[in-house]
Amino acid sequence: MPANSALEEITAAKHVGFIPHPMRPIECNIQNAFTRYRDSAGRIFWVYLPHKPSTLSARVHADTISRSIEVSVYEQDARDPASPIKGVSINRWSSILIMDDGEWEKGLAELAGLAMKQAEKQPRCLCGSLLSIQELSDRSQIFACSQFPKCSRIATIKDYGYSFQ
Ligand SMILES: [Zn+2]
């Protein structure tokens with residue numbers, strides 16, 4: 001029996017209609033282009049998939065108990081590019097916001113907008129191919145050309161940007 005067979009398979013479906021009160025102010029402060037999902041564990045989150053060809057998405061996950069909101073850019077899973085759950089979170093393009101200072105609504109709108117823009121700006125190598133997230137042994141992340149080993153360029157991920165080394 002595979003070791004992971006006991007894990008619940010998490011799935012998510014697009015979700016419209018009534019939204020529980022603690023989540024309502026979050027949805028009011030993110031852009032309409034985000035789609036609300038509910039996963040099989042009942043958690044609500046939001047995903048923006050750019051209409052332009054891009055392997056990135058922007059996602060908003062909230063925890064109403066710790067009153068924190070995570071706004072992240074993800075690289076979508078190559079084998080399941082439309083999945084709102086699979087993929088790799090890009091650490092430098094992720095931020096956590098606490099819902100306890102008076103400005104969190106404005107901060108959320110700004111962060112969600114930044115994540116959307118970054119998801120639309122598909123990182124490309126100088127050779128024209130896509131850049132793909134690679135995790136290094138120290139768990140840091142870089143972008144590497146998807147044409148490796150034909151092209152071995154790598155790029156450093158900066159705050160909402162990247163630069164070739
Ligand atoms: Zn390249």
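The questions and answers below concern the domains, the sheet and the nonpolar core.

Guide: Please keep in mind throughout that this is a predicted model.

Visitor: Which residue ranges belong to domain 1 and domain 2, and how many Å separate their centres?
Guide: The domain assignment places residues 3–122 in domain 1 and residues 123–165 in domain 2. When the centres of domain 1 and domain 2 are taken over C-alpha atoms, the separation is 23 Å.

Visitor: Which element gives the most to the side of domain 1 that touches domain 2?
Guide: The contact takes 10 residues from domain 1 and 10 residues from domain 2. On the side of domain 1, the elements that give two or more residues are β6 and α2. With 5 residues, the element that gives the most to this side is β6.

Visitor: How many residues on that side of domain 1 are nonpolar, polar and charged?
Guide: The residues in question are those of domain 1 that touch domain 2. They divide into 4 nonpolar, 4 polar and 2 charged.

Visitor: Which strands are the edge strands of the open sheet?
Guide: The open sheet has 6 strands in the order β1-β2-β3-β4-β5-β6, with antiparallel pairing. An edge strand pairs on one side only, and this holds for β1 (12–14) and β6. Neighbouring strands of the sheet are turned by 25 degrees against each other on average, direction ignored. The edge strands are therefore, by their pairing on one side only, β1 and β6.

Visitor: Which element gives the most residues to the largest nonpolar core?
Guide: This core has 32 residues, of which Val60, Val73, Ala112 and Ala115 touch the most other members. Two or more residues come from each of several elements, including β3 (44–48), β4 (56–63), β5 (68–75) and β8 (141–145). Both domain 1 and domain 2 supply at least three residues to the core. The element that gives the most, with 6 residues, is α2.

Visitor: With which residues is Val60 in contact, leaving aside its neighbours within four places in sequence?
Guide: Val60 is one of the core residues that touch the most other members. In general, nonpolar side chains in soluble globular proteins tend to be buried together. Once neighbours within four places in sequence are left aside, the residues in contact with Val60 are Ile30, Phe34, Phe45, Trp46, Ile69, Val71 and Ala112.

Note on methods
Residues numbered from 1 in each chain as written. Predicted model: local features only at pLDDT ≥ 70, side-chain atom pairs only at ≥ 80, totals over all residues. Core = buried A, V, L, I, M, F, W, Y, C linked by C-beta atoms within 7 Å. Buried ≥ 20, exposed ≤ 12 C-beta atoms within 10 Å, placed from the backbone. Helix = DSSP H or I, 4+ residues; strand = E, 2+ residues; numbered from the N terminus. Domains from an automatic or database assignment. Contact = placed C-beta atoms within 7 Å. Pairing = 2+ DSSP bridges. Axes fitted to C-alpha atoms, helices over the stretch in contact; angles between N-to-C directions. Nonpolar A, V, L, I, M, F, W, Y, C, P; charged D, E, K, R; others polar.
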